[in-house]
Amino acid sequence: MPSETVWEIAKAEVEKRESNGSEGDGVEIGEKSVFFIGSKNGCFNQMIHLWPAGYFGAACALRVSCYWGKTTIILRCLDRDEPPKPTLALEYTYGRRAKGHNRPKDIAHLWELGGGTSLLDLISIPITSDTLRTLSIVLVLDLSKPNDLWPTMESLLQATKSHVDKVIMKLGKTNSKAASEMRQKIWSNMQKDHPDRELIDPFPIPLVIIGSKYDIFQDFDSEKRKVVCKTLRFIAHYYGASLMFTSKSEALLLKIRGVINKLAFGIDKSKSICVDQNKPLFITAGLDSFSHIGAPPVPDNDIGKLHAHSPMELWKKVYEKLFPPKSINTLKDIKDPAKDPQYAESDVDEMRIQKDQELEQYKRSSSTSWKQIELDS
């Protein structure tokens with residue numbers, strides 16, 4: 001009897017692992033994925049610094065420049081003392097953590113979507129039927145730009161949720177048990193006797209909302225801070241998400257590190273809560289309530305004038321009354337990064353203009369040639 005080929009052995013090993021992972025027999029999955037999305041200049045390199053050196057391996061990326069946001073937090077996770085590099089499109093890196101002596105390391109796949117809301121089509125790359133069961137979303141919002149906060153949050157969460165729902169539906173056709181387990185798992189952070197259990201709509205996969213640049217936000221007018229804090233608490237609780245603020249403070253970054261460790265490696269974190277609007281918010285999923293959040297911060301005689309079909313729409317109207325979104329022309333993201341002024345390179349741009357002119361000339365010349373051929377015929 002011929003011996004098994006390397007391919008047959010590898011195939012059998014993969015099928016064995018898939019079987020172990022889908023039976024729910026307590027076998028711990030050694031790989032998890034975390035997908036960072038958020039404000040255009042709230043990038044993912046910040047997160048890396050939160051882990052000790054040696055956690056992360058090589059990264060492949062398309063980059064541009066970014067500041068205190070997703071990227072910086074990741075860099076801090078890795079204890080990397082380097083300036084964050086800007087993210088142009090989609091960036092990937094990975095981290096490893098030893099589980100014990102002579103045991104395989106856990107692996108965390110970290111993705112970041114650059115460009116704010118301009119590259120939503122790339123969401124489908126990290127979110128697949130293969131990654132979905134161990135995937136978490138981290139939404140980083142720039143607290144220093146409250147006028148951009150709601151449209152950024154809304155666009156990114158709607159696009160992400162829409163794609164996740166499609167993947168779950170597709171998964172259900174081939175593995176109905178796994179899809180059913182995912183739908184049940186989203187309620188795990190909410191106690192069965194929680195008074196808001198029937199009022200929320202949990203995000204289909206674990207979600208963490210991080211407000212960055214708190215050091216700037218804390219100097220805002222108290223009424224403005226109140227509206228932002230209450231609104232983000234409502235959004236996070238409605239989606240069954242955790243909410244926390246961060247800045248360059250080491251204490252805040254350590255808290256964020258614990259949360260990311262939980263998502264990336266399944267390390268238990270202590271549940272804590274801070275709802276004081278005069279301090280950085282830190283609310284673990286399932287610990288808030290609509291009764292504690294209160295009604296939208298608007299005078300009672302004005303609430304009747306706001307026509308809304310859902311609580312989310314009502315909060316949106318109240319929020320945008322104080323922080324109106326920028327004009328459509330200003331908010332509209334540039335699809336072609338080559339035309340985005342923040343990525344300007346004089347030499348490259350001049351050559352691009354020259355080539356564009358040559359292309360237009362070629363098009364006109366070709367058009368004339370074809371017309372001449374038609375006339376001759």
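A: **A helix and its packing partners**

Let's start with helix α3 (residues 146-174) and helix α10 (residues 311-322), which pack at an angle of about 155° with their axes 10 Å apart. That makes α3 roughly antiparallel to α10. Angles under 35 degrees count as roughly parallel, over 145 as roughly antiparallel, 65 to 115 as roughly perpendicular, and the rest as oblique. The axes are lines fitted to C-alpha atoms, for helices over the stretch in contact, and the angles run from 0 to 180 degrees between N-to-C directions. As for the names, helices (H or I, at least four residues) and strands (E, at least two) are DSSP runs, numbered from the N terminus.

Before going further, keep in mind that this is a predicted model: local features need pLDDT of at least 70, side-chain atom pairs count only at pLDDT 80 or more, and totals for chains, interfaces and linings use all residues. Residues are numbered from 1 along each chain as its sequence is written, and side-chain values use heavy atoms, with hydrogens and water left out.

Back to the helix pair. The crossing of α3 and α10 is left-handed, a label used if the near helix is turned anticlockwise from the far one by less than a right angle, with right-handed for clockwise. On the α3 side, P146, L149, W150 and E154 meet M312, W315, K316, Y319 and E320 of α10; contact here means heavy atoms within 4.5 Å. Sorted by class, this contact has six nonpolar, no polar and three charged residues. Ala, Val, Leu, Ile, Met, Phe, Trp, Tyr, Cys and Pro count as nonpolar, Asp, Glu, Lys and Arg as charged, and the others, Gly among them, as polar.

Another partner is helix α4 (residues 176-185), where the axes lie 6 Å apart at an angle of about 140°. That makes α3 oblique to α4. In this pairing, I168, L171, G172 and T174 of α3 meet S176, A178, A179, M182 and R183 of α4. The count by class is five nonpolar, three polar and one charged.

There's also a strand to look at. L141 has its place in strand β5 (residues 135-142), and at 1% relative accessibility L141 counts as buried. Buried means under 20% relative accessible area, exposed over 50%, and partly exposed in between (1.4 Å probe, protein chains only). Leaving aside neighbours within four places in sequence, L141 is in contact with S39, L149, T152, M153, I209, I210, G211, S212 and L232. The C-alpha atoms of L141 and S39 are separated by 5.3 Å, although the two residues are 102 apart along the chain.

Next, the rings. F234 and W315 form a stacked aromatic pair, 4.9 Å centre to centre with 15° between the planes. Rings of Phe, Tyr and Trp (its six-membered ring) pair if their centres lie within 6.5 Å; planes under 30 degrees apart count as stacked, over 60 as edge-to-face and the rest as tilted. F234 is buried at 4% relative accessibility, and W315 is buried too, with a relative accessible area of 4%. Ring pairs link F203, F234, Y238, Y239, F290 and W315 into a cluster.

While you're at α6, find R233, which has its place in that helix. R233 is buried, with a relative accessible area of 7%. Not counting residues up to four places away in sequence, R233 touches L243, V275, L281, I283, D288, H292 and I293.

Finally, zoom out. The protein chain has 12 helices and nine strands, and buried residues make up 42% of its 377 residues. Among contacts between residues at least 6 apart in sequence, 75% join residues at least 24 apart.
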